[in-house]
Amino acid sequence: MAPIILPSQAQNVKTRPGAPRDVEASKDVKLFQPSTIRSITIPNRIVVAPMCMYSSQDGFLNDFHLAHYFSFAFKGAGLVIIEATAVEPQGRISPEDSGLWSDEHIAPLKRVADMIKAQGSVPGIQIAHAGRKASMGSPFAGYRIIPEEENGWSKDVRGPSELPFDEKHCQPHALTKEGIQDLVQKFTDATVRADKAGIEVLEIHSAHGYLLHNFLSGNSNKRTDEYGGSLENRMRFPLEVAKAVRAAWPEHKPLWLRFSSTDFKEPEQFAHDPEGWDIYQATEYAKKLKEIGVDVIDCSAGANISGVRYPTAPHFQVPFAETVRHEADIPTGAVGLITDPIEAEKVLQEGKADYILLAREFLRDNGWALRAARDLNVTVKWPNQYERADNERWVGKNGK
């Protein structure tokens, strides 16, 4: 596959979109402050969260992904994290998920990473395994079990135990110890491929009821060996993955990890679930991850138990980011029903998180970073090609 080569006039690197025109005047607006982790500088605190697009074939990114991820970088997002990308074919949620289990996946991923860089943003990717939620249909094709005759692998779904998510999901097979170590290696191999593709921030998916979360929670992990039971045992496999990934990922590049801060077995955010998964265990997990060399914890929640009730108020997950940030002394990202720029800035100003991750709001408005600048009275650079539409610069000057 031919690499993307953009002529200089199609790039926005010299002064990237979303860059404050007056750095001194905007220095107190945290959302537009850069941050450097190891050797990588993220130009602002606005992050496109990984979102499955269910638009790949055999794990390969294509021109849809090129246009999709380009649109966020082009309009000022500081870090663009490419969707959950499976480390093996059976690790996909759906047959249409992105993958990084083969060296052949490197070239199409590099095209996307290069396009993001050409607009002055940082390319990231989330490596993942769907665990007991694998071999399902995409939301827009119908969320159901996909059988083998439809390119699924419903009889080869993996988990910590033979406990399905619910009756609408596949019956998983409990991973053997050999299978666990094989997956540690597959996460490692995907890490090396991500580096070769030019990815600058790597995130491990340890949330939302997928494989690593399945092992962490006693609500899904019923093993009686060294990978189940106590918190130490339930953390063992996810920590083995994190340690192997950190060793394979270049020392100068940041490593993030997303986890669910609680299973929400009870609807109260800080309810105790000592035999399952709660914020108190998640905080201990974060401490161990920091020791390994994880740089940022992306704090989400839930999706490991069927039929639970979730809070629906905006920012309902922000308290998790705040707790982990202070209790584990590690930078965090806040995510979940964050839509308003002024409120996002408040999260940062109050020291509740270090980054703001948006998902669906970016689908509604891929120019959210430019809107945030307007709402926060920060004059920023627009993309060269769209600058004539920036009313703050052009209205009243030449009418175009």
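On a 1 Å grid over the protein atoms alone, a pocket is an open set of points with protein on both sides within 12 Å along at least five of seven lines, whereas a cavity is a set of points where a 1.4 Å probe fits but cannot get out; lining residues have an atom within 4 Å of a point. Grid points are joined across faces, edges and corners, and a volume is the space filled by probe spheres set on the points. The model is predicted, so local features need pLDDT of at least 70 and side-chain atom pairs count only at pLDDT 80 or more, while totals for chains, interfaces and linings use all residues. Residues are numbered from 1 along each chain as its sequence is written, and side-chain values use heavy atoms, with hydrogens and water left out.

The largest pocket holds about 1,200 Å³ of space. Its lining consists of 37 residues, of which H208, R258, S300, A359 and R360 are the closest to the centre. Two or more lining residues are given by each of β13 (355-358) and α9 (360-364), where helices (H or I, at least four residues) and strands (E, at least two) are DSSP runs numbered from the N terminus. Helix α9 supplies the largest share, four residues. By class, the lining of the largest pocket has 24 nonpolar, eight polar and five charged residues; Ala, Val, Leu, Ile, Met, Phe, Trp, Tyr, Cys and Pro count as nonpolar, Asp, Glu, Lys and Arg as charged, and the others, Gly among them, as polar.

R360 lies in helix α9. R360 counts as exposed because its relative accessibility is 62%; exposed means over 50% relative accessible area, buried under 20%, and partly exposed in between (1.4 Å probe, protein chains only).

Three cavities of 30 Å³ or more are counted. The largest cavity has a volume of about 50 Å³, and its lining includes R92, D97, H129, H205 and Y210. Six nonpolar, four polar and two charged residues make up this lining. The second largest cavity, of about 40 Å³, is lined by residues including F60, L61, H105, L109 and I125. Its lining has five nonpolar, five polar and no charged residues.

Helix α3 covers residues 177-196; at 1.5 Å a residue its 20 residues should span 28 Å, and the end C-alpha atoms are 29 Å apart, which agrees. The expected span is 1.5 Å times one less than the number of residues. Buried residues of α3 include I180, L183, V184, F187 and R193. The buried residues of this helix pack against α2 (106-118), β6 (122-128), β9 (201-206), α4 (211-216) and α5 (231-248). G198 follows α3 and has a positive phi, near 90°.

G229 is placed in the loop between α4 and α5. At 42% relative accessibility, G229 counts as partly exposed. Leaving out residues up to four places away in sequence, G229 touches R223 and R234, contact meaning heavy atoms within 4.5 Å. The C-alpha atoms of G229 and L31 are separated by 41 Å.

In the unreviewed UniProt entry, the annotation "domain: NADH:flavin oxidoreductase/NADH oxidase N-terminal" covers residues 30-377. Over residues 30-377 the chain is 33% helix and 16% strand, and the end C-alpha atoms are 12 Å apart.

How values were computed
UniProt positions renumbered as here; feature names shortened; annotations may be inferred.
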